[in-house]
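User: Could you take a close look at the protein surface around one of the DNA strands and walk me through it?

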There are 2 protein chains.
Amino acid sequence: MTASPQRTRNRERTRQQILDAATVEFAAKGLEGARTDEIARRAGANKRMIYHYFTSKDGLFQAVLEETYANIRGAENALRLASRDPVEAMSQLVAFSFDWFVDHPEFISLLNEENLHRAEHVRSSTQVQALNMPLVDTISSLLTRGAASGQFRADVDPVELYISIAGVSYFYFSNRLTLSAIFGRDLTSPEETTRRREHVVDVILGYLRP
Amino acid sequence: MTASPQRTRNRERTRQQILDAATVEFAAKGLEGARTDEIARRAGANKRMIYHYFTSKDGLFQAVLEETYANIRGAENALRLASRDPVEAMSQLVAFSFDWFVDHPEFISLLNEENLHRAEHVRSSTQVQALNMPLVDTISSLLTRGAASGQFRADVDPVELYISIAGVSYFYFSNRLTLSAIFGRDLTSPEETTRRREHVVDVILGYLRP
DNA sequence: GCGATAAGTAACCACCGAGTTACTTGCGGG
DNA sequence: CCCGCAAGTAACTCGGTGGTTACTTATCGC
């Protein structure tokens, strides 16, 4: 009799609603901080369905990570920078990294949580490990082309550079709140974000000069 | 009758033992993941003492953060780089940041946890906020001197640079385990750590070239 | 040496939250 | 059109955990 919003049966829809709700909850409160009751409520689903589709809270967290990684790897794959000017392409790539954090605020918390748990969900996920790392390949070929044209220095390890590109943006977003409290300066404002975006591009391109 | 190792009474010792145990536990399992029973056991103290000295689990976590921040700010204060060659001093400073993470593996997890909790413990701690940020002042004067001598570019914001210096090291340590799993390359090995240390100095000094 | 204070102990509890049980009901294939 | 299966529901359970109660006893100023 109760006119629940979830009347018709739909495996994929319910699964996705739980996944979306879990993403929000895990990002906001962490793996132990999140509540399965709250995830179910937010998804408009019955708690039992979490166990039906994902076996356990950890299974659900793993599925959230799998979707998260699939999303960013997909976006990275869609970047078509291979044919462009190396300097131009590299600054697009650094800006892409930065913007991904802006547009996906849940991303950092989920990664931090997974690292706190010693990467056990990622390690036991064949799905995550099957995703290749297109950005590293892109960086690698940009470095080669840029060095050949005399636009970049020649001694750069693409994996190290990848970590640095991610790092200069990541730390800013990850630690904004504590840094704001300590500096007494609101780093979450749009102006600060714009300033930071310019800075991270400057740092990477400045470093890459021959 | 029980010959407990904690026989004689000693306010400061017990307090410190709890704090040390809590630092380990919170860093390993997060704020909600850590167990007060386990902290007490590890400290060789009675659980009641946590509440005696720190009022609550959150109070204990705040005290851990206060000690953590006091430690790093103290070490930063002890750096005496003001009179040295700017390039030399800057690379020491970048290396200091890197080495701090090596020597204090608990540091990153605690910061991540605090950021997940929206910096609420830091914000309500007058003690943390009373610590000034000596590194930013050091960076500021190095930038001025380096620009004057023609060793550094002239347009660098010291706060942005501080965040970048921290960031290139932080992300590596923070995400080592997930990155290792995804790259299929063990980033926690001593060789990789040495390589990374050289790289982060290169990135910052490369960027700072005029 | 005595008594107030505070360090320390053990046993306890109320609640909360992950996971289950036992059930109902919509739906697609024959 | 009906039946087997899977989607969905409500009401549990039970172990763990932060915090407390009620107590003992070492220590130190006088």
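Analyst: Around DNA strand D there are 22 residues, and those that come nearest are A:Arg9, A:Thr14, A:Asn46, B:Thr36 and B:Lys57; here a residue is near a strand if its C-beta atom, placed from the backbone, lies within 6 Å of it. Chain A brings helix H1 (11-33) and helix H3 (47-54) to this surface, and chain B brings helix H2 (36-43) and helix H3 (47-54), each giving two or more residues. Helices are DSSP runs (H or I, at least four residues), numbered from the N terminus. Sorted by class, the surface near DNA strand D holds 10 charged, 9 polar and 3 nonpolar residues. In this sorting, Asp, Glu, Lys and Arg are charged, Ala, Val, Leu, Ile, Met, Phe, Trp, Tyr, Cys and Pro are nonpolar, and the others, Gly among them, are polar.

A word on the model: it is predicted, so local features need pLDDT of at least 70 and side-chain atom pairs count only at pLDDT 80 or more, while totals for chains, interfaces and linings use all residues. Residues are numbered from 1 along each chain as its sequence is written, with chains lettered from A and ligands numbered from 1 in the order in which they are written.

DNA strand C is surrounded by 23 residues, with A:Thr36, A:Lys57, B:Arg9, B:Thr14 and B:Asn46 the closest. Helix H2 (36-43) and H3 of chain A, along with H1 and H3 of chain B, each supply at least two residues there. H3(B) makes the largest share of that surface, 4 residues. By class, the surface near DNA strand C has 10 charged, 10 polar and 3 nonpolar residues.
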